[in-house]
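Please look over the model shown here before reading on. The points below take the contacts one at a time.

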Amino acid sequence: MSPYRTLARRLKGERRRVALRSTLVQAVWNYDSLQAIGFGWAILPGLERIRPDVGERAKRLEAHLETFNANPYLASVAMGVALRMEEEIARGAAGAERRLARLLRALRGSLGAIGDDLFWASWRPALGIAAALAALVTGSVWPAVVYVLAWNALAQGVRAAGVRAGFAAGAGVARVLEDPFWAGARRGARRGGAFAAGAAFGAGVAWSASAGGGWGGVAIFFAIVALVWLAGTRVGSRGRLLPPAFAFLVVVVILGAIHHWTGGTLP
Amino acid sequence: MTGAEAGALTALGALVFLDQWPAVQTMVSRPIVVGPIVGAILGAPADGVLWGAVLESISLAVQPVGAARYPDAALAGLLGTVAALTGAGEGGFPAAWAVSVAVAAGAVGDGVGRFQRRWNGRTAAVVRARVAEGSLAAPGRGIAIALSRGAALGALQTATGLGIIATGGALLAGSPWAGQLDARALQVAAAAMAAVAGVRVLGLGGRRTTAAVLGALAGFALVAWGGTP
């Protein structure tokens, strides 16, 4: 059996515990050390196994409490890398400590960029549009249930797999970041989200046309689209953003007034 | 609203505060999920689903990237839905009232979140000092303290919001704005919001444009010939 497989088997239970603890990586998020406290606490089960001596373990833990930040779901990759490199440090590998510090610094930016782009800028808006539209169309609670299940299938799956992948890759973690899975998942989410956004537009046109006013209703729908679009555009000389929520509030007030004056329906 | 309902909503406020960023992030704190839960608690599940979808559409474009400031979608979803559901019963102007409450709650929740992060900074400093002295239990204790504080802040801001909603709802009752926006108008406004947010956040171009056009045809056909509640 290869040295890696022996090591992976020895730390199998600890890696699971690290993955579980990674769910609290942001618990003590702060403007100074960012996610570092959560990161240190998460890898502690692995450190316990690697460093039986309490004093040495505390020293290594302290090194991990300085500063760390990444996308919360992908932080587990860095945890896996840290465990693998900690084992090398414990074996006395030359320069391993310096290499780990450098790697974690580099990973902060990469894991943040990949994770934020996948989860916050692609997966969540895509799922949110689809679920919101499905809820509006069906009036059922099921879109919300499917939303939570679909999100967690990806997000918690990445969390669990991240420790394993980071641990297997160690200093060669670049190959995890270059995996086509990230680009594929992002592309798929964005295409699905574009389909859902288009469907929301089509549904809006159909609803406004059927609300009793025909073309008048459709014109109101286009006016709403134009207003919330403009609200998302930088306005004013200082480039401030007019929050779309305020635009929505204006829309609701106008629609309410129309509703009030016309006695119950859109014109 | 009964005491039991207020208690359940306050507990929900604590839970969604934690889910939003300090713990697990399962997205049960999103308005699309919080709305139906609030609806179930207040005995109006269908209205909860509608308002959850509406408030989700407002929050779609918000992205918690890095240390960016962003509105608290969880509190906005919770209190916005409560305002909509209780406002309807009191004859106020529930749609505008609910969206106003949601927008204000989002801003206040952002402030509370930043307060929690600053307070976490002091907790983190204590944890680091203890670990330097050799305590391995300090990070775990720090996390327990931060989570407890987060839950307490979430419950407190929700309870305060419920009080404000009750007062505001009573003041609006019987006003010239009496009457409510019908569900169809809300559907139209939310669909516009979702479509715009989708294009802005996800962008168009290449196959995404094709997907959006196909989606528009499918959405139109679904509603025009499929019928909706």
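1. Start with the interface between the chains. In this predicted model, chain A and chain B bury about 7,700 Å² between them. Carbon and sulfur atoms give 75% of that area. Three residues stand out on the chain A side: Leu136(A), Trp207(A) and Phe248(A) supply 9% of the area that chain A buries against chain B, more than any other three residues.

2. Now count residues. On one side, 89 residues of chain A are in contact. They meet 87 residues of chain B.

3. Next, the polar links. Between chain A and chain B there are 18 residue pairs in polar contact, both residues being at pLDDT 80 or more. Which elements of chain A supply at least two residues each to the side that touches chain B? They are helix 3 (36–50), helix 4 (54–64), helix 6 (96–138), helix 7 (142–169), helix 9 (180–213), helix 10 (215–231) and helix 11 (244–262). Helix 9 of chain A gives the most, with 19 residues. By class, this side of chain A has 56 nonpolar, 24 polar and nine charged residues.

4. Look for the salt bridge. The count between chain A and chain B is one. Asp32(A) and Arg128(B) form a salt bridge through their side chains, at 3.0 Å from N to O.

5. Stay with Arg128(B). Its side chain also joins that of Ser33(A) in a polar contact of 3.3 Å. Ser33(A) lies in the loop between helix 2 (12–21) and helix 3 of chain A. Is Ser33(A) buried or exposed? Ser33(A) counts as buried because its relative accessibility is 0%, and the cut-off for buried is under 20%. Leaving aside neighbours within four places in sequence, Ser33(A) touches Leu65(A), Glu66(A), Thr67(A) and Phe68(A) in chain A, plus Ala124(B) and Arg128(B) in chain B.

6. Turn to chain B itself. Chain B is divided into domain 1 (3–175) and domain 2 (180–228). Their centres, taken over C-alpha atoms, are 28 Å apart. Domain 1 of chain B puts eleven residues into the contact, and domain 2 of chain B puts in ten.

7. Finally, check what lies between these domains. They bury about 880 Å², with 82% from carbon and sulfur atoms. There are zero salt bridges between them. On the domain 1 side, helix 3 (45–59) and helix 5 (94–132) of chain B are the elements that give two or more residues. Helix 3 of chain B gives the most, with five residues. This side of domain 1 has nine nonpolar, two polar and no charged residues.

How values were computed
Residues are numbered from 1 along each chain as its sequence is written. Chains are lettered from A and ligands numbered from 1 in the order in which they are written. This is a predicted model: local features need pLDDT of at least 70, side-chain atom pairs count only at pLDDT 80 or more; totals for chains, interfaces and linings use all residues. Side-chain values use heavy atoms; hydrogens and water are left out. Contact means heavy atoms within 4.5 Å. Buried area is the accessible area (1.4 Å probe) that two parts lose on being put together, summed over both. A salt bridge is a side-chain nitrogen of Lys or Arg within 4 Å of a carboxyl oxygen of Asp or Glu. A polar contact is a pair of N or O atoms within 3.5 Å; within protein, one must be able to donate a hydrogen and the other to accept it, and residues adjacent in sequence count only if both atoms are side-chain atoms. Helices (H or I, at least four residues) and strands (E, at least two) are DSSP runs, numbered from the N terminus. Ala, Val, Leu, Ile, Met, Phe, Trp, Tyr, Cys and Pro count as nonpolar, Asp, Glu, Lys and Arg as charged, and the others, Gly among them, as polar. Buried means under 20% relative accessible area, exposed over 50%, partly exposed in between (1.4 Å probe, protein chains only). Domain bounds come from an automatic or database domain assignment.
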